[in-house]
Amino acid sequence: MNAKTNRRQFLRLTALSTAGLGVPAIFTNPASAAPALPSPTATTLPAAGTAPIAAATLHGAPPTPATPFIPNRAASWWASLENLQWPQKYVLDNIRRRADGFAKANIDTAINFGFHTRFDFSNYFNALHGYYATVCEELHQRGIRWIDHYSCNHVIRPRTEADFQMVNKYERHSVLLIPDAKATEFAQYEGHLFQDLCEVDLRDGSRGYAKQYQFEAFCHNNPAFLDMHRKYLLQLMKDVPFDGVEVDDMCSYPGNTTCGCKYCRERFRKDYGHEIPNFSDAGFFGNTSQKDMLDWGNYGNPVYRDWLRMKSDSVRDHVKMIKETIGSKPLMTCCSDTGPIVLNAVALDLEKMAPHLDLFMLENVGTNIKNIDWVSMDAEALNQKDIASKRGSAPALALSYALSEKGAYLGWALARYWGVSNWSSTLNGRLEEDPSHALEQEDAISKPNNWEKQHSDLPWWQGRDLVEIRVANNRLCRENGWRDADGHEHWDRSKAWSIQLVHHNVGYRFVRADELTDAASLLKENTPLVLDGMGCVSDRQFAAIKTYLAKGGTAWMALPFGTHDEKGFARKTPLSNELNGHYKGLLMIDSAVSSTPLEKMIATGKFRPVLKQIKGDTRWAARIRIYEGKGTVIHFMNAGLEATPDTVNDLSGIPLMKDIVSLVKDNQLEYEVDTTRIKLSPLHLMSPELGGERRPVAVDNQILKVNLTGVAIYGIAAPLP
């Protein structure tokens, strides 16, 4: 992932970083046995058995049998420039040493990191692919899958001395091989000159440039670029026995500055019936004096909205071509955000790409002290998890960065709390100089992986989340740049609900645009449907919601609702006028961005959660999941964490995390449990921080008591095997 922070922070053009987190180092000894290679075909599992549930539902299903394998404990395989010396003995010896380390760390999937801007290495593909083929051979012998990971649509071309210094300080993790200015004129692959494939800057006709990454960007609509990428994929498949591929950066980082090439102009004319205006047109490009080009653009202009749609259409079609080329090989791309409007400016739309993807990745936790706030990330995690679920319950991975085993543990814990695969990654070469205490990837993640393998090996794909509330996240609002009178976008409201739900231990999931058009799907669950600030509503969505309400469905609505249609055009009267007061199941509420509607619903008895905390520090978050063959499991994640700063800063001047301390003092927790809606077997608390201890969890007269003393980050209450 080329990220100045993680990509979620890039999107505001701020800087990322990563760092170690601190928890007690109480782990079991690493296991020495190599992990078994997952079966080529995932098995469909029966639904988990529970007691009848009213106003709650189990959500999720096992991954589709078409999934060739399911990553679980994944980690980055870091490559460096010296690997182009393949097949020299020291390169081969290093591959074997690292493969042994991955096996001892119980890593089942290695994901390439390095040689990122892949076409910068076109003169060396023989050596590079030879290296990767050897990596695959050694990993496969140890029962470990290998996924390639690269960016196809950029080459590194710093334009100024400042940019050159920047890329050599903070982008070393990509592996740098920058040709001089004369050589770039002739750089090519399969007869395609790179300079002929680039996006065109609308300001001056120059090649499209992403200054934040020092990239020149290829155009997704350029048929020559698509031909070049297709031919590269065919060569890669011929040379390297990879198990899957992540084609990264499937977006357009130059943003609102591009693209004015003839292919984009032709497509916009053909698909949308518009011409791309001159850059001087402020009615289209908005206030371009703003420093952040992501803030340019006039959403009040329907032609601008269509232009953004066309750009993300182009990326989607490129992803489709990739999938058609690689066939049964699993395909993934990066996506740190799926919610906010700002994504439109870089044509990043995971929901559009989803039909052509097999694995789904969330770029998650970074390493500076600000990245300790995991609760604010929960919405993105669960939104992407729902995208994966609707794609045949495809595997989802959460990527977390760290420089130490403590930071790796935080990322691992979040993946388990979210119920997804863990992709653990150090971030070598992201600072001017790697800190002396930075670890090899396999060393950073070994302890939690091996603890899990020995004490709590619950495959996440056998788990189904307990859902008590559904929250609408309608991408039509994002697509059209809709905001309310106070400047809040729909995602702000959806995210505010996520935060309140986490704090009250209420299981939830997101309902997205397509599902909102299907009344039958909405009626399959009897949990409340939250419609908070859903300004853009299509006619099909409105018809489905009316049918849902007419047939007894429950919805909580915060205005505005349906002020605009699916293309962003204002309606004469809001659709809410047709609903309010006409349906028994419709309850009008305050918005979560300005109030605490969930707390009010609980206090007034209009909503009863399955878990209601009655004792102990409420900063412990609890999440219920039902596992096939295991029963009910409760995951505990500490939201009362504080990062202690390192002496090393990231590139934005923010200190890295040296350690984590828990601010929680009362770890004796008690909950009222609605046992009419969930079945509990005898549970025992476990945690990597408790080593091999299994601490009984008391359940007496619908009161659950759990002692989290000695646990700083994460614990799991599960039935014994």
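Which residue in β20 does M557 stand opposite? The points below take up that pairing together with its surroundings.

1. The model is a predicted one, and in it M557 stands opposite M588, a residue of β20. Strand β19, covering residues 555-564, is joined to β20 by 3 bridges, and the two run parallel.

2. These strands belong to an open sheet of 5 strands, whose order is β17-β16-β18-β19-β20 and whose pairing is parallel. Because β17 (508-512) and β20 (586-588) stand at the edges, each has a single partner strand, and one side of each is therefore left without a neighbour in the sheet. From one strand to the next, the twist averages 35°.

3. Two helices lie across strands of this sheet, as follows. Helix α11 (residues 378-390) lies across β16 (469-473) and β17, and its direction makes an angle of about 60° with β17. Helix α15 (residues 490-503), for its part, lies across β16, β17, β18 (529-536) and β19, running at about 160° to β16.

4. On the cysteines, the structure holds 0 disulfides. C335 is in no disulfide, since the nearest cysteine sulfur, which belongs to C334, is 6.2 Å away, whereas a disulfide requires sulfur atoms within 2.5 Å. C335 is also buried, with a relative accessible area of 0%.

5. C477 is likewise in no disulfide, the nearest cysteine sulfur being that of C536, at 4.7 Å. With a relative accessible area of 1%, C477 counts as buried, because buried means under 20%.

Notes: Residues numbered from 1 in each chain as written. Predicted model: local features only at pLDDT ≥ 70, side-chain atom pairs only at ≥ 80, totals over all residues. Heavy atoms only, no water. Pairing = 2+ DSSP bridges. Helix = DSSP H or I, 4+ residues; strand = E, 2+ residues; numbered from the N terminus. Axes fitted to C-alpha atoms, helices over the stretch in contact; angles between N-to-C directions. Contact = heavy atoms within 4.5 Å. Buried < 20%, exposed > 50% of the residue type's maximum accessible area, 1.4 Å probe, protein only.
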